[in-house]
Amino acid sequence: MNKVVLIGCGNVGMSYAYSIINSDSKVDELVIIDVNVDKAKGEAMDLMHASSCSKRKINIKAGDYTDCDDADIICISAGRNQDVGETRMDLIEKNYNVFKSIISEINKTKFNGIYLIATNPLDVMTYVTLRLSNFPAYKVIGSGTTLDTARLRFLISEQLEMNPKNIHAYVIGEHGDSEMIPWSVARIGLNSVDKYLNKSTKNKMLKDVRNSAYEIIKKKGNTAYGIGMCLKNITEAIFNNSNTIFTLSTYIDKFKCCVGYPVIVNRSGVRGYTELNLTSEEHSEFNKSLDTIKSIIKQIKF
Ligand code: NAD
């Protein structure tokens, strides 16, 4: 029995839930918790009806924190979203308080599974979860730059008319304005990216990836489908014990921080990270991004 508890059934949470019931993610039970209890109940009912059309039987319900006892994954997407023009870092105060209340409830339960964090500012909230839960680092996973990586692969695949699965390019660092692309280690098939993309195209792609959320939020108020699918893929990798590489945010000792970096994920959580051979320029860009996250974390009074 693979059980997921979803906390926060807004746009992101429900896109994740809907992706799960449309996939083969091996989720047997999905419990939805939200401070807005009626919303959780309504979403659960709607999803239950949809699941009767899905390939696998999934038990769905609105629940409470006692459901966390035997959960394998708790996905937290509760908290405030960005308003037009706001950065992800602007959300810290409100979302820290939301996490304090949620994790103190989970700490009262027997939960011993994997935390999967989606709330922004992502890397900071992943670190907050680590600190407040006292869980080992390999069990606290933030979605990191998986969405940004998906956006980058989409852009490259459109430009080159190639399947995104053959594009081995990553966005790393903060899930936010300082994120960066280590182009020197990116590959299209087995070839260096430089064979296909010039400097100005690469610069434009980084700019477009960084601006995606601002652009979408300006037009429709939130972003949801992309992150919903990424969270579903991470869940699938955990339950399939697939040892898949994602640019998740996890605490990496050598960086002394939670940051988006390519890590290997399986049934136990994060198995380890993959070493990247960055150029000195990329190295300093990555370090700048790391410092951005650390400077916000420093301001939190735990
Ligand atoms: P939303 O406003 O639609 O949903 C938030 C939900 O959280 C609401 O249903 C609200 O009732 C619930 N909530 C608030 N406080 C709670 C509490 N204490 N306990 C339980 N539930 C609580 O917001 P959204 O669009 O779903 O975004 C959620 C978060 O995900 C935001 O922080 C957003 O910035 C972030 N996000 C992350 C990514 C990513 O790549 N990681 C992508 C998009 C959005």
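I started with the site: the space that the ligand takes is the second largest pocket. I note at the outset that this is a predicted model.

**Shell**

I looked up which residues surround the ligand. There are 26 of them, and the closest are Val12, Asp34, Arg80, Ala118 and Asn120. I then sorted the shell by residue class. I got eleven nonpolar residues, 13 polar ones and two charged ones.

Which side chain has an N or O atom 2.6 Å from an oxygen atom of the ligand? I found that this is Asp34. I checked His175 next. A polar atom of the His175 side chain is 3.1 Å from a ligand oxygen. Gly79 uses its backbone instead: an N or O atom there lies 3.3 Å from an oxygen atom of the ligand. After these contacts I looked at cover. On its own the ligand has 870 Å² of accessible area, and the protein covers 86% of this.

**Helices**

I went on to the secondary structure around the ligand. Helix 1 (11-21) supplies at least two residues of the shell, and helix 3 (92-107) also supplies at least two. Which helix gives the most to the shell? I noted helix 3, with four residues.

**Domains**

Last, I asked where the ligand lies relative to domain 1 (3-142) and domain 2 (146-297). Both domains give residues to the shell around the ligand, so the ligand lies between them.

Key:
Residues are numbered from 1 along each chain as its sequence is written. This is a predicted model: local features need pLDDT of at least 70, side-chain atom pairs count only at pLDDT 80 or more; totals for chains, interfaces and linings use all residues. Side-chain values use heavy atoms; hydrogens and water are left out. A residue is near a molecule or strand if one of its heavy atoms lies within 4 Å of it. A polar contact is a pair of N or O atoms within 3.5 Å; within protein, one must be able to donate a hydrogen and the other to accept it, and residues adjacent in sequence count only if both atoms are side-chain atoms. Accessible areas come from the Shrake-Rupley method with a 1.4 Å probe; for residues, only the protein chains shown count as cover. On a 1 Å grid over the protein atoms alone, a cavity is a set of points where a 1.4 Å probe fits but cannot get out, and a pocket is an open set with protein on both sides within 12 Å along at least five of seven lines; lining residues have an atom within 4 Å of a point. A molecule sits in a cavity or pocket if more than half of its atoms lie within 2 Å of its grid points. Ala, Val, Leu, Ile, Met, Phe, Trp, Tyr, Cys and Pro count as nonpolar, Asp, Glu, Lys and Arg as charged, and the others, Gly among them, as polar. Domain bounds come from an automatic or database domain assignment.
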